[in-house]
Amino acid sequence: MIHSLFLINSSGDIFLEKHWKSVVSRSVCDYFFEAQERATEAENVPPVISTPHHYLLSVYRHKIFFVAVIQTEVPPLFVIEFLHRVVDTFQDYFGVCSEPVIKDNVVVVYEVLEEMLDNGFPLATESNILKELIKPPTILRTVVNTITGSTNVGDQLPTGQLSVVPWRRTGVKYTNNEAYFDVIEEIDAIIDKSGSTITAEIQGVIDACVKLTGMPDLTLSFMNPRLLDDVSFHPCVRFKRWESERILSFIPPDGNFRLLSYHVSAQK
């Protein structure tokens, strides 16, 4: 699966690397740098680059290239989705995902990456599980670790790791129970000079912030769910019920997460 991960800034400097199965030389990134020079913009760098002995798969977010190195063919979207999950995890842990922040928290970054992949294969990618394995950095915890020489690694295994809902930890308690859902949509449209719409489509997501006690089971319905195309769900959603009834039924993670993304075409 994934042998190595390189983090490259917009200037072309490798400021962090992590290896799992074997150490891959930095020289493999020369193929990536060549593709970067040919691209007019950073976003135009090909996400998949084939080399004589490796494949380079990358995503560009927060002015950082996250480049994964693999030796055998795998579904590209599988690796790309994992890279996006790495970025989201860093953002959840540190508030922002940037080169200075990653360098300031390099120990925690390596600890988190070690838990997210086991021998190159994704293992723990849910934020709730990772936060029980590796405690998020705080000023007090950093001072204590510096004095005592301890780490952010948790003393116990996550309670939800072996459950049927690994995205949610057990024993969640809140004084005020609340759940918020934000519908965010981007409209792409072509309008003629008279103001009439020639074509239009919508790309949308539903982001959630759920703070509920226990193990809540939620349902969410739409007025006209047939409008939604290319729907992508969080693993908590029961897909069979969506297929049969077009109703979202799920046990949500604790905290912030993306429930689904969707597309609405112009024909509808």
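**Aromatic pairs.** I'm working from a predicted model. I started with the rings and found nine aromatic pairs in the structure. One of them joins Y60 and F65, a tilted pair with 4.4 Å from centre to centre and 40° between the planes.

**The largest core.** Which residues touch the most other members of the largest nonpolar core? I got I2, L7, F66, F90, I102, V112 and L113, out of 36 residues in that core. Next I listed the elements that give it two or more residues: strands β1 (2-9), β2 (14-19), β4 (55-61) and β5 (64-70), plus helices α2, α3 (99-104), α4 (106-116) and α5 (127-133). Helix α2 gives the most, nine residues. I then picked F90 and looked up its contacts. Leaving out residues up to four places away in sequence, F90 touches L7, F66, G95, V96, C97, I102, V109, V112 and L113. There is another core apart from this one, with 20 residues, including L212, C236, W242 and L260.

**A patch on the outside.** I turned to the surface and found V106, V107 and Y110 forming a nonpolar patch, with about 230 Å² of accessible area together. V106 is in helix α4, and I logged V106 as partly exposed at 31% relative accessibility.

**Whole-protein numbers.** I counted seven helices and 13 strands in the protein. The protein has 268 residues, and 41% of them count as buried. Its accessible surface is about 15,300 Å², with 53% of that belonging to carbon and sulfur atoms. I also looked at contacts with a separation of 6 or more: 58% of these come from residues 24 or more positions apart.

**Salt bridges.** How many salt bridges does the structure hold? I found nine. In one, K18 pairs with E114, and their closest N and O atoms are 2.7 Å apart. This pair links distant parts of the chain, since K18 is in strand β2 and E114 is in helix α4, 96 residues apart. Is K18 buried or exposed? I have K18 as buried, at 9% relative accessible area, whereas E114 is partly exposed at 43%.

Another salt bridge joins the side chains of R258 and D207, 2.7 Å from N to O. It too links distant parts of the chain: R258 is in strand β13 (residues 255-264) and D207 is in strand β9 (residues 197-211), 51 residues apart. R258 is partly exposed, at 46%.

The last one I looked up is between D217 and R238, with 2.9 Å between the closest N and O atoms. D217 lies in the loop between β9 and β10 (218-221), and R238 in the loop between β11 (229-233) and α7 (239-245), so the pair ties together parts that are 21 residues apart in sequence. D217 is partly exposed at 46%, and R238 is partly exposed at 33%.

Terms used: Residues are numbered from 1 along each chain as its sequence is written. This is a predicted model: local features need pLDDT of at least 70, side-chain atom pairs count only at pLDDT 80 or more; totals for chains, interfaces and linings use all residues. Side-chain values use heavy atoms; hydrogens and water are left out. Rings of Phe, Tyr and Trp (its six-membered ring) pair if their centres lie within 6.5 Å; planes under 30 degrees apart count as stacked, over 60 as edge-to-face and the rest as tilted. A nonpolar core is a set of buried Ala, Val, Leu, Ile, Met, Phe, Trp, Tyr and Cys residues joined through side-chain atoms within 4.5 Å. Buried means under 20% relative accessible area, exposed over 50%, partly exposed in between (1.4 Å probe, protein chains only). Helices (H or I, at least four residues) and strands (E, at least two) are DSSP runs, numbered from the N terminus. Contact means heavy atoms within 4.5 Å. Patches are made of residues with over 30% relative accessible area and no salt bridge: like charges are joined within 9 Å, nonpolar side chains (Val, Leu, Ile, Met, Phe, Trp, Tyr) within 5 Å. Accessible areas come from the Shrake-Rupley method with a 1.4 Å probe; for residues, only the protein chains shown count as cover. A salt bridge is a side-chain nitrogen of Lys or Arg within 4 Å of a carboxyl oxygen of Asp or Glu.
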